[in-house]
Amino acid sequence: MKFAYAAATLVAAAASVQAGETNGQRLARGLSPLPPKRMYHPTRTSEAKRAAPSGTPSSGSGNCNTGPIQCCNSVGKANDDVFSAILGLLGMVLDPDVLVGVTCSPLSGVGVGGSSCSATPVCCENNSEGGLISIGCIPIIL
């Protein structure tokens, strides 16, 4: 009887010591880490508030993140002959790999009849040259 009591006490003491060890100590001994403890217990109302997504992406708004969608007659890298000549005449120096568009006009109402682009639809970062040249363009699919 004394032996069973001593063994049970030893097992209980060992279990309480192991329960307080960290995952680092467990990994050092070759054991798997313990599951994470949930420190935050939300109330029913806070869970209900988070049930819906925070927002939805815009679809078909006709705008890029940087401005309106442009329809450019030609698009290419800044180091291409035609584009580098135009940039040189304007006194602009760009990274050679930047895409630029020439003779661009904004598209309005994408998806609405009558506003189609027979050239190259792009989204450009800098449209400040009055449609002659747009800088930092990314081709898009309408």
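Which side chain meets Glu21 in a salt bridge at 3.5 Å, N to O? Arg29 does. A salt bridge here is a side-chain nitrogen of Lys or Arg within 4 Å of a carboxyl oxygen of Asp or Glu.

Some ground rules come before that. This is a predicted model, where local features need pLDDT of at least 70, side-chain atom pairs count only at pLDDT 80 or more, and totals for chains, interfaces and linings use all residues. Residues are numbered from 1 along each chain as its sequence is written, and side-chain values use heavy atoms, with hydrogens and water left out.

Confidence next. pLDDT is the predictor's confidence in each residue, from 0 to 100. The protein chain averages 74. Of the residues, 64% score at least 70. Helices and strands are DSSP runs, numbered from the N terminus: helices are H or I with at least four residues, strands are E with at least two. Helix H2, residues 23-28, has the highest mean pLDDT among the elements, at 88. Helix H3, residues 44-49, has the lowest, at 59. Then look at residues 56-61. There pLDDT stays under 50. For that stretch the model has one contact beyond four places in sequence. Contact means heavy atoms within 4.5 Å.

Now back to Glu21. The count comes to three salt bridges by this rule. Glu21 counts as buried because its relative accessibility is 12%. Arg26 is buried too, with a relative accessible area of 16%. Arg29 is at 48%, so Arg29 counts as partly exposed.

Arg26 sits in helix H2. Set aside its neighbours within four places in sequence, and Arg26 is in contact with Glu21, Leu31, Ser32, Pro33 and Leu34.

The remaining pair is Asp97 with Lys77. Their closest N and O atoms are 3.9 Å apart. Asp97 lies in the loop between helix H4 (81-89) and S2, and Lys77 lies in strand S1, so the pair ties together parts that are 20 residues apart in sequence. Asp97 is exposed, with a relative accessible area of 51%. Lys77 is partly exposed, at 38%. As for Glu21, Arg26 and Arg29, salt bridges that share partners join them into one network.

On to the strands. Two strands pair if DSSP finds at least two bridges between them. Strand S1, residues 70-77, and strand S2, residues 99-106, run antiparallel and are joined by seven bridges. S1 also runs antiparallel to strand S3, residues 120-126, with three bridges. Gln70 shows both pairings. Gln70 stands opposite Pro106 in S2. Gln70 also stands opposite Val122 in S3.

Stay with S3 for a moment. Thr120 belongs to that strand. Thr120 is partly exposed, with a relative accessible area of 26%. Not counting residues up to four places away in sequence, Thr120 touches Gln70, Cys71, Cys72 and Val75. The C-alpha atoms of Thr120 and Pro139 are separated by 7.0 Å, and the two residues are 19 residues apart along the chain.

Last topic: the cysteines. How many disulfides does the structure hold? Two. A disulfide is called when a pair of cysteine sulfur atoms lies within 2.5 Å.

Take Cys72 and Cys104. Their sulfur atoms are 1.9 Å apart. This pair links distant parts of the chain, with Cys72 in strand S1 and Cys104 in strand S2, 32 residues apart. The link is right-handed, with 105° about the S-S bond. Cys72 and Cys104 are both buried.

Then Cys124 and Cys137. Here the sulfur atoms are 2.1 Å apart. Cys124 lies in strand S3 and Cys137 in strand S4, residues 133-139, so the pair ties together parts that are 13 residues apart in sequence. The torsion about the S-S bond is about 100°, so this disulfide is right-handed. Cys124 counts as buried at 0% relative accessibility. Cys137 counts as buried at 4%.

Conventions
Buried < 20%, exposed > 50% of the residue type's maximum accessible area, 1.4 Å probe, protein only.
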